[in-house]
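Please find below a note on the model under review.

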Amino acid sequence: MIVTVTLNAAIDKTYHLPALAAGQVSRVDRVYAEPGGKGINVARVIALQGVPVLATGFAGGSNGDFIERGLTRQGIAHDFVKIEGESRICLNIMDQDGVSTELLEPGPTIAGQEMEAMRQKLALLAARAKVVAFSGSLPAGVPKSFYAELIGIAQKQGAVVFLDTSGEALMRGAEAKPYFIKPNEDEVAQWLGHSIEDENALKQGLLWLNETGLPCISVSMGAQGSLTAFHGACYRVRAPKVDAVNAVGSGDAYVAGMAIGTAQGLPVEECLRLATASGTANALTARAGYVEPEDVKRLLGEVVVERIGGESSHYKKSSTDNCRPALL
């Protein structure tokens, strides 16, 4: 089983309208409202591909009830920590040209006893999981070190840990050495202490991060695909070209594909292929965190994965280079 953790869960509302004009009344053509937040998006994409998954995190108020009811309707197992505050609403406004404008509420303030309940719940769930994926921002009241603390709990239970967040939460969380992270170029540059001038510099930076004890690091390069350092080797991945409908949630779908591949012990090239196909398939749907399984299967054969880097002597690799921890 895969467990996803969304500490700042949300109701995701997508408004489709001809155009968004400031200071004017805009009439919406259609609305989608469903459980959201990055980790919930990850869980949905995993479930749509027929892989067992459970979503957890914080949920509160009538919005929290909506999130849990929605997950039940979608057939996604869930076990949230109930909080006193109200879970947030996030808006994605899509115009007829495909331009997306997002409005993200900050979310509730989490109390100390609610954080303790999360620690205890995670320990129980991680003991049953192959992979635990933490995704998204931290709500108010939660220290920036909280991800690192939860990662340690999950690792102690034997789970492989993913972390997809940003800013200080990522930097502090990475200190606990999660198995997989997905920073952007600016965050890699912050780790290195200098700017990244080109793809080769990015590759060297990712390999250096491997050396610090972060086994698998993927960086999106937009339309150019992605670059991943895995146990001292680098992989350049090129995604299929598609006519995107809505790219929001594609990063979460990528994480979902990596989590599936890792839980199944697939070779790293196949993990990257599945992650990229899942992310691309998400862009073909109107809603964030959705894929059609047929699209994923079709796109798998169109993803190009190329090994472009050497191997570090500090890492022991299996003969199949499977997506599983191999640090000495």
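1. Basis. This is a predicted model, in which local features need pLDDT of at least 70 and side-chain atom pairs count only at pLDDT 80 or more, while totals for chains, interfaces and linings use all residues. Residues are numbered from 1 along each chain as its sequence is written, and side-chain values use heavy atoms, with hydrogens and water left out.

2. Overall form. The protein chain contains 10 helices and 15 strands (DSSP runs numbered from the N terminus: H or I of at least four residues for helices, E of at least two for strands). Along the principal axes, the C-alpha atoms fill a box of roughly 60 × 45 × 40 Å.

3. Of the 328 residues, 54% are buried (under 20% relative accessible area; exposed is over 50% and partly exposed lies in between, with a 1.4 Å probe and protein chains only). Among contacts (heavy atoms within 4.5 Å) between residues at least 6 apart in sequence, 66% join residues at least 24 apart.

4. Helix α1. This helix spans residues 38–48 and is mostly covered, with eight of its 11 residues buried. The buried set is Gly 39, Ile 40, Asn 41, Val 42, Ala 43, Arg 44, Val 45 and Ile 46. Gly 50, which follows α1, has a positive phi near 80 degrees.

5. Positive phi in loops. Most residues other than glycine have a negative phi. Lys 177, in the loop between α5 (167–174) and β11 (180–181), has a positive phi near 60 degrees. Lys 177 is partly exposed, at 36% relative accessible area. His 231, in the loop between β13 (226–230) and β14 (233–238), has a positive phi near 50 degrees. His 231 counts as buried, at 1% relative accessibility.

6. The largest cavity has a volume of about 30 Å³, the space filled by probe spheres set on points joined across faces, edges and corners. Its lining includes Phe 58, Arg 88 and Pro 139.

Key: 1 Å grid on protein atoms, 1.4 Å probe; cavity = no way out; pocket = protein on both sides within 12 Å on 5 of 7 lines; lining within 4 Å.
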